[in-house]
Amino acid sequence: MNVILFDKTCVQSCQLTKQNHVIINDTAVINHIKSVLKAGIGDVLKVGQIGGYLGVAQIAQMTADELVLSHVRLDTPPPPKLNLTLILALPRPKVLRRLVMDMTAMGVNRIILINSYRTDKSYWGSPLLNKIDEYIIEGLQQGIDTVPPEIVMAKRFKPFVQDELPAIIGDTKALVAHPYAETSFGMAVQTGLPSVLIVGAEGGFIPYEIELLQSVGVQAVSLGSRILRTESAVNALLGRWLD
């Protein structure tokens, strides 16, 4: 947790008062400040208003269940988002948490979760899907950001690819990671990074899905001869945007 986040609608159980104080009742945040940051009364913390600016604030009071921050100053804009829509075949729920956190921390602008042949139907009913907002907050705290990515869920693969994906791509470049593609990712981005990146779940997309994606202008690219886990592939690909 590299920044303490709050907003006026009490995200994370806090509020910005008229006296420019922030009252936080999130015990996890308070415990982190005490045990990890080793901060106490009078210390200054990095803070940010979700959807707004970053800044600093001073710890005025702190108990086991309430933190009061004073002298709140928000004067630094958040880091710019990547010009990237990342489309991800819904992975195992436990993997999803790490992926959403990483994609958020790296600044992905929009995340679209889609169905695929190798996506287990039970994943869509997992209670962990209801915690995506929590994962996003964790990613923002890690990346010192305040602007959440847009999250979209598309449970029907073919209608999404045929009816929605062409408009998302527009006149830009779109790539799909596929271990059996002839073109490498490095070669494909020599003329510029794509604005749409598609990654399958464990095992990748089946040939029919790759062909359907290619029919709407998506180019299949390979990360080499090794088969990577979904989270490894996503992080390896996103590394090119951080150069």
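## Accessibility and basis of the model

Buried here means under 20% relative accessible area, exposed means over 50%, and partly exposed lies in between, with a 1.4 Å probe and protein chains only. On this scale Asp75 counts as partly exposed, because its relative accessibility is 42%.

The model is predicted, so local features need pLDDT of at least 70 and side-chain atom pairs count only at pLDDT 80 or more, while totals for chains, interfaces and linings use all residues. Residues are numbered from 1 along each chain as its sequence is written, and side-chain values use heavy atoms, with hydrogens and water left out.

## Salt bridges

A salt bridge is a side-chain nitrogen of Lys or Arg within 4 Å of a carboxyl oxygen of Asp or Glu, and a search of the whole structure finds 5 of them. One of these joins Asp75 to Arg73, with the closest N and O atoms 2.9 Å apart; Arg73, at 47% relative accessibility, is also partly exposed.

In another, Lys81 and Asp145 bring their closest N and O atoms to 2.7 Å. Lys81 lies in the loop between strand E6 (67-76) and strand E7 (82-89), and Asp145 in the loop between helix H3 (132-143) and strand E9 (150-154), so the pair ties together parts that are 64 residues apart in sequence. Lys81 is partly exposed at 22% relative accessible area, whereas Asp145 is buried at 5%.

## Packing of H2 and H7

Helices (H or I, at least four residues) and strands (E, at least two) are DSSP runs, numbered from the N terminus. Helix H2 (residues 93-105) packs with helix H7 (residues 230-238) at an angle of about 10°, their axes being 10 Å apart, which makes H2 roughly parallel to H7 (angles under 35 degrees count as roughly parallel). Axes are lines fitted to C-alpha atoms, for helices over the stretch in contact, and angles run from 0 to 180 degrees between N-to-C directions.

With contact taken as heavy atoms within 4.5 Å, Val95, Arg98, Leu99, Asp102 and Met103 in H2 meet Thr230, Glu231, Val234, Asn235 and Leu238 in H7. Arg98 and Glu231 also belong, with Arg229, to a network of salt bridges, in which Arg229 and Glu231 meet at 3.8 Å, N to O; Glu231 is buried, at 10% relative accessibility.

## Aromatic pairs

Rings of Phe, Tyr and Trp (its six-membered ring) pair if their centres lie within 6.5 Å, with planes under 30 degrees apart counted as stacked, over 60 as edge-to-face and the rest as tilted. The structure holds 2 aromatic pairs. The rings of Phe157 and Phe205 have centres 6.0 Å apart and planes at 45°, so this pair is tilted.

Notes:
Angles under 35 degrees count as roughly parallel, over 145 as roughly antiparallel, 65 to 115 as roughly perpendicular and the rest as oblique.
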